[in-house]
Amino acid sequence: MGDSGGNTAGLRAVAEELNTAWAGAARVYHIPEYYNWTSSGGVRDFVTKNGIAEKINADGIHDEYGLTAVLMAYDPKMARYDQRAAAKKLTINGVSIEPKEKTIDMGRKIVEFRATVAVEAIRKAMAGAGKH
């Protein structure tokens with residue numbers, strides 16, 4: 001797995017190349033479902049279904065509530081929460097990240113959602129591996 005959805009074509013190509021080279025001795029699975037942030041059923045839909053009405057790019061910055069929530073679940077310092085609070089910049093696309101605990105909780109839910117989706121996709125890919 002890589003670190004962003006923008007790299008999925010390269011990840012898929014590497015998986016295909018390695019699978020050809022290894023000829024069944026080992027297998028690499030490309031799991032695009034892990035990167036489903038914007039497509040139907042992805043993270044943005046999950047966030048919306050959980051009551052967060054975000055207006056993407058409303059603040060004119062490259063950020064999303066869900067991304068910041070995930071960072072904050074890991075460590076609020078990564079989202080520069082204290083600096084944002086001091087600058088009175090605790091909203092992202094019209095959604096407040098205050099109280100901090102609520103955003104951290106949503107971040108944990110997003111991480112769990114993505115993990116569940118990825119595990120289901122991995123199981124499906126593995127089950128279908130011998131059917132090609």
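Biologist: Why is Arg 84 called buried?

Modeller: The relative accessible area of Arg 84 is 16%, and buried means under 20%, exposed over 50% and partly exposed in between (1.4 Å probe, protein chains only); Arg 84 is therefore buried. This is a predicted model, in which local features need pLDDT of at least 70 and side-chain atom pairs count only at pLDDT 80 or more, while totals for chains, interfaces and linings use all residues. Residues are numbered from 1 along each chain as its sequence is written, and side-chain values use heavy atoms, with hydrogens and water left out.

Biologist: What makes Asp 63 and Arg 84 a salt bridge?

Modeller: The term requires a side-chain nitrogen of Lys or Arg within 4 Å of a carboxyl oxygen of Asp or Glu. For the side chains of Asp 63 and Arg 84 the N to O value is 2.7 Å, so the pair qualifies. Asp 63, at a relative accessible area of 15%, is buried.

Biologist: How many salt bridges does this rule give?

Modeller: The count is 3. Glu 64 and Arg 44 also meet in one, at 2.6 Å, N to O. Glu 64 is buried at 11% relative accessibility, whereas Arg 44, at 27%, is partly exposed.

Biologist: Why is Asn 93 called buried?

Modeller: Its relative accessibility is 1%, so Asn 93 counts as buried. Contact means heavy atoms within 4.5 Å, and Asn 93 touches residues including Asp 63 and Glu 64, not counting residues up to four places away in sequence.
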